[in-house]
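Q: Please take a close look at one helix of this model and at the packing around it. A connected account of its faces, its neighbours and the contacts between them would be welcome.

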Amino acid sequence: MSGSLTPLQIAAVQQTWDIVAQNLKENGAQFFLRFFQEYPPYKDNFKSFRQHSLEELKTSPKLRAHGSIVFHNLASVIKSLDDPDVAVIIIRKIVQDHYPRGIRLQHFVNVTKTLEGFLADAFGDKFTGDVKEGWLGVIELLKTLMADEMNNLETASNT
């Protein structure tokens, strides 16, 4: 998994992730608020959120809990960039868990688009050079691995 990332980029990604990791619960919630602003129909994929406005979701413990879970999973992937087999298993499991809920590749692609913007804002002027290249590499790897697993699941469901 880390084949296209240099050791310097991996270190940059892991170090900057520490900025977000200082408050995974709040940052995860802020990420989802941004995601639902950018992709309003996706809120309907969440039965706990679909009846609530974005304003109501700002104080939702369920949104904070879901954001925390997602960002803890992402933290596990980031910490495993130097152990690719573990990172691949985590990503495959995420896709497998979401597939039965009707989540498909385009949903994940859009999540990564929001993630890129979220991280750029979170890191501010640190989102340059090896940091930016590293994160863009991680996002591309996430999309590739998610696409591979999605294809596996779709092939299996068509047989």
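A: In this predicted model, the buried residues of helix H5 are Ala 87, Val 88, Ile 90, Ile 91, Ile 94 and Val 95. Viewed along the axis of H5, these buried residues lie within an arc of 160°, and therefore they line one face of the helix. Asp 85 and Ile 89, on the other side of H5, are exposed. The helix itself runs over residues 84-98, 15 residues in total. From its first C-alpha to its last, H5 reaches 21 Å, close to the 21 Å expected at 1.5 Å a residue.

Glu 149 lies in helix H7. Its relative accessible area is 5%, so Glu 149 is buried. Apart from neighbours within four places in sequence, the residues in contact with Glu 149 are Arg 92, Val 95 and Gln 96.

The crossing in which H6 passes H7 is right-handed. On the H6 side, the contact is made by Leu 105, Phe 108, Val 109, Thr 112, Leu 115, Glu 116, Leu 119 and Phe 123. On the H7 side, the contributing residues are Val 131, Trp 135, Leu 136, Ile 139, Lys 143, Met 146, Ala 147 and Met 150.

Helix H1 comprises residues 7-21, with 15 residues, and reaches 21 Å between its first and last C-alpha, close to the 21 Å expected at 1.5 Å a residue. Gln 9, Ile 10, Ala 12, Val 13, Thr 16, Trp 17 and Val 20 are the buried residues of H1. They cover an arc of only 160° around the axis, so they sit on the same side of H1. Pro 7, Leu 8 and Gln 15 are exposed on the face of H1 turned away from the buried side.

The packing of H1 on H4 can be described in the same terms. The axes of H1 and H4 are 10 Å apart, and the two helices pack at an angle of about 160°. H1 is therefore roughly antiparallel to H4. Their crossing is left-handed, whereas H6 passes H7 in a right-handed crossing. H1 contributes Val 13, Gln 14, Trp 17 and Val 20 to the contact, and H4 contributes Phe 71, Leu 74, Ala 75, Ile 78 and Lys 79. Val 13, Trp 17 and Val 20 are among the buried residues of H1.

Asn 45 is placed in the loop between H2 and helix H3 (54-57). With a relative accessibility of 36%, Asn 45 counts as partly exposed. Residues up to four places away in sequence aside, Asn 45 touches Arg 50, Ile 103 and His 107.

How values were computed: Residues are numbered from 1 along each chain as its sequence is written. This is a predicted model: local features need pLDDT of at least 70, side-chain atom pairs count only at pLDDT 80 or more; totals for chains, interfaces and linings use all residues. Side-chain values use heavy atoms; hydrogens and water are left out. Helices (H or I, at least four residues) and strands (E, at least two) are DSSP runs, numbered from the N terminus. The expected span of a helix is 1.5 Å times one less than its number of residues. Buried means under 20% relative accessible area, exposed over 50%, partly exposed in between (1.4 Å probe, protein chains only). The arc is that of the directions from the helix axis to the C-beta atoms. A crossing is left-handed if the near helix is turned anticlockwise from the far one by less than a right angle, and right-handed if clockwise. Contact means heavy atoms within 4.5 Å. Axes are lines fitted to C-alpha atoms, for helices over the stretch in contact, and angles run from 0 to 180 degrees between N-to-C directions. Angles under 35 degrees count as roughly parallel, over 145 as roughly antiparallel, 65 to 115 as roughly perpendicular and the rest as oblique.
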